[in-house]
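The tour goes from one selection to the next.

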Amino acid sequence: MIDDQFSSGFRTLTKDGDRDGYEPLHWQWRLFERFCRNDIPTICDLPTGLGKTSVIHLWLLALMHQVREKKPQLPTRLVYVVDRRTVVDQATEIATSIKKNAKFLGVDENWVSVSTLRGQLADN
């Protein structure tokens, strides 16, 4: 059951307009399961191009799972730290897309908010 919900939820959150969302990779499944157990790694060390930004999707889906199980333990705020401006912009776009797509999972729009800190100035 949780596997189906995770896979479906991940595809929904990664949807871009008419383009279908992605199937989760094996490392994403494992990290999601860790998040569901409230086992939060201190670092995510993966090669470029494997979708590290999807940690945002995984965290939200795990938090939603915990809320459904009436056992929320994950932090309700996710701070995503990167040191490249283009990755900051990409992460902001992805988080904004997640906020938009979360409604298809029954999540109220106000449940997800996005803020970007770049160059020591908050842009929103």
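Start by selecting arginine 11, which is partly exposed, with a relative accessible area of 31%. Keep in mind that this is a predicted model.

Next, select threonine 14, in the loop between α1 (2–13) and α2 (26–36). Is threonine 14 buried or exposed? Its relative accessible area is 9%, so threonine 14 counts as buried. A polar atom of its side chain lies 3.4 Å from the backbone oxygen of arginine 11, and one lies 2.7 Å from the backbone nitrogen of tyrosine 22. Beyond four places in sequence, the contacts of threonine 14 include His57 and Asn101.

Move on to Arg34, Arg37 and Asp39, which are linked in a network of salt bridges. Aspartate 39 pairs with arginine 34 at 3.0 Å, N to O, and with arginine 37 at 3.9 Å. Arginine 37 is exposed, at 55% relative accessibility, while arginine 34 is partly exposed, at 29%.

Finish at the largest pocket, with a volume of about 1400 Å³. To find its centre, select Lys52, Thr53, Ser54, Val55 and Tyr80, the closest to it of the 48 lining residues. The lining has 24 nonpolar, eleven polar and 13 charged residues.

Conventions: Residues are numbered from 1 along each chain as its sequence is written. This is a predicted model: local features need pLDDT of at least 70, side-chain atom pairs count only at pLDDT 80 or more; totals for chains, interfaces and linings use all residues. Side-chain values use heavy atoms; hydrogens and water are left out. Helices (H or I, at least four residues) and strands (E, at least two) are DSSP runs, numbered from the N terminus. Buried means under 20% relative accessible area, exposed over 50%, partly exposed in between (1.4 Å probe, protein chains only). A polar contact is a pair of N or O atoms within 3.5 Å; within protein, one must be able to donate a hydrogen and the other to accept it, and residues adjacent in sequence count only if both atoms are side-chain atoms. Contact means heavy atoms within 4.5 Å. On a 1 Å grid over the protein atoms alone, a cavity is a set of points where a 1.4 Å probe fits but cannot get out, and a pocket is an open set with protein on both sides within 12 Å along at least five of seven lines; lining residues have an atom within 4 Å of a point. Grid points are joined across faces, edges and corners, and a volume is the space filled by probe spheres set on the points. Ala, Val, Leu, Ile, Met, Phe, Trp, Tyr, Cys and Pro count as nonpolar, Asp, Glu, Lys and Arg as charged, and the others, Gly among them, as polar. A salt bridge is a side-chain nitrogen of Lys or Arg within 4 Å of a carboxyl oxygen of Asp or Glu.
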